[in-house]
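Reader: I would like to learn how to read a structure like this one. Please take me through some features, one at a time.

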Amino acid sequence: MTPGLEETENLVGQLEGRTYAFFRLPDALDFTFIAQDDAKPDVALTLMAADEVAGYVVAPFHVGPETPVVFIRPDRVLRLTCPRTASRLTVNLRPASGADSWRKAYGESFTPCLNALRSGRFDKLVLSRRADYLPSGALLHPLRLFLTACQAYPHQYVALWSTPVTGCWLTATPEKLLSGSAAGWQTMSLAGTMVWDADSANPDLHAWSAKNRHEQQVVTDYLQEQLAPVASALSIGCPRPVRAAGVAHLRTDIRFTCSPDWTTGRLLERLHPTPAVCGQPRREAGDFLRKTEPHSRRYYAGFSGPLHLEGECALYVSLRCMEIEADAVHCYAGGGLLPDSCEESEWRETQRKLRTMLDLFETP
């Protein structure tokens, strides 16, 4: 018998302070609950550890002592049917600081990024921002937020995880990092952003600016360069527009196979983070962004997903994220910058991306 919503909520209540995750694959009609029998998850300081475990993995943007890779053991695994309806939480979210201070902080990060791009130091940088909100009027209910996101964003990967190491996070992301198994792998190049046009569904690539097309091509080129030396077969599709909540991106699907020596962990080390969330050159861009952004990304722009469950992986980049605390929520968004990027345009793009999480709430 499939547990209902009330039974699931009771189960989560019993796991308060424990380690668990919910995830719903794109276009699926059910979701999965995975949990440990104890609170302490396994952690690692290398993605190579992914070869040794099965369960659910949560990886940060930058692996380090404060943000290790976390593995949730599959002591309990339940597959549950998504409810047909899920009401938004009625919560008043008050910005923790004024909009002017957010805009000023973004500009102070944008300027050094643009200077570094125009000097030729980087081909691309992905600048992120964090918006902090103080909820009032009702208690936050992470499971209901997860179910609301499943209903609101049926074509995106939706996940909620909670561990003592990471805290509680919700993501509704359009970007796959790696899925499949040694029999065949899939990844994607996803970059470039436009406002979603429901009438035309953004079908014409010529409607996309040269900046957007070039931004996406940087990611495709990177993935091809990383995979070509190790793949025994590599198939790269054509870019096409796809919807992600209120925006559209350009997406290129990539399939490949490689020898068994190229394990999940080795592939993750080779791919993450891609220029879709970091920049190019990757290592130098990551170092630069950690010094330039005024916040730590923590698990934003990392990845999460089922790892070696039933022999398969489905790992998605943690975009359109919200970190949920007892008295605050932290929403994250970012955008790719090139030498001809416009600060005001990029700021508006982050505002649109933040709506993915904020629209899960209904303001009283």
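Author: Start with Glu 293. Leaving out residues up to four places away in sequence, Glu 293 touches Ser 109, Val 126, Leu 127 and Ser 128. Keep in mind that this is a predicted model.

Reader: Where is Glu 293 found?

Author: Glu 293 sits in the loop between helix H6 (282–292) and strand S18 (303–307).

Reader: Is Glu 293 buried or exposed?

Author: Buried means under 20% relative accessible area. Glu 293 has 6%, so it counts as buried.

Reader: With which side chain does the side chain of Glu 293 make a polar contact?

Author: With that of Arg 297, at 2.9 Å. The side chain of Ser 128 also makes a polar contact with the side chain of Arg 297, at 3.3 Å.

Reader: Tell me about Ser 128, then. Which strand holds it, and which residues does it touch?

Author: Ser 128 lies in strand S9, residues 124–136. Setting aside residues up to four places away in sequence, Ser 128 touches Glu 293, His 295, Arg 297, Tyr 300, Ala 333 and Gly 334. Ser 128 is buried as well, with a relative accessible area of 3%.

Reader: Next, aromatic rings. How do I describe a pair?

Author: A pair of aromatic rings is described by two values, the distance of the centres and the angle of the planes.

Reader: How many aromatic pairs does the structure hold?

Author: The structure holds 17 aromatic pairs. One of them joins Tyr 20 and Phe 33. That pair is tilted, with 6.1 Å centre to centre and 45° between the planes. Tyr 20 lies in strand S1 (residues 20–24) and Phe 33 in strand S2, so the pair ties together parts that are 13 residues apart in sequence.

Reader: Are Tyr 20 and Phe 33 buried or exposed?

Author: Tyr 20 is buried at 7% relative accessibility. Phe 33 is buried at 1%. Phe 22 and Phe 31 also form a tilted aromatic pair, with 6.0 Å centre to centre and 50° between the planes. Phe 22 has 0% relative accessibility and counts as buried.

Reader: Which residues form one aromatic cluster?

Author: Tyr 20, Phe 22, Phe 31, Phe 33 and Phe 146 do.

Reader: Let us stay with Phe 31. Where is it found, and what is it in contact with?

Author: Phe 31 is in strand S2, residues 30–35. Phe 31 is buried, with a relative accessible area of 4%. Neighbours within four places in sequence aside, the contacts of Phe 31 include Phe 22, Phe 23, Arg 24, Leu 78, Leu 80, Phe 146 and Leu 147. Look at Leu 80. Phe 31 and Leu 80 are 49 residues apart along the chain, and their C-alpha atoms are separated by 5.3 Å.

Reader: Now strands. How do side chains sit in one?

Author: In a regular strand the side chains alternate between the two faces of the sheet. Take strand S12, residues 176–181. Six of its six residues are buried, so S12 is largely enclosed by the rest of the structure.

Reader: How many bridges join S12 to strand S19, and how many join S12 to strand S13?

Author: Four bridges join S12 to S19 (residues 313–317), and these strands run antiparallel. Leu 178 stands opposite Leu 315 in S19. S12 and S13 (residues 184–195) pair over three bridges, also in the antiparallel sense. Ser 181 stands opposite Gly 184 in S13. With two residues between them, S12 and S13 form a hairpin.

Reader: And helices?

Author: An α-helix has 3.6 residues a turn, so residues three or four places apart point the same way. The buried residues of H7 include Glu 346, Trp 347, Glu 349, Thr 350, Lys 353 and Leu 354.

Reader: Last, cysteines. How many disulfides does the structure hold?

Author: A disulfide is a covalent bond between the sulfur atoms of two cysteines. The structure holds zero disulfides.

Notes
Residues are numbered from 1 along each chain as its sequence is written. This is a predicted model: local features need pLDDT of at least 70, side-chain atom pairs count only at pLDDT 80 or more; totals for chains, interfaces and linings use all residues. Side-chain values use heavy atoms; hydrogens and water are left out. Buried means under 20% relative accessible area, exposed over 50%, partly exposed in between (1.4 Å probe, protein chains only). Two strands pair if DSSP finds at least two bridges between them. Contact means heavy atoms within 4.5 Å. A disulfide is a pair of cysteine sulfur atoms within 2.5 Å. A polar contact is a pair of N or O atoms within 3.5 Å; within protein, one must be able to donate a hydrogen and the other to accept it, and residues adjacent in sequence count only if both atoms are side-chain atoms. Rings of Phe, Tyr and Trp (its six-membered ring) pair if their centres lie within 6.5 Å; planes under 30 degrees apart count as stacked, over 60 as edge-to-face and the rest as tilted.
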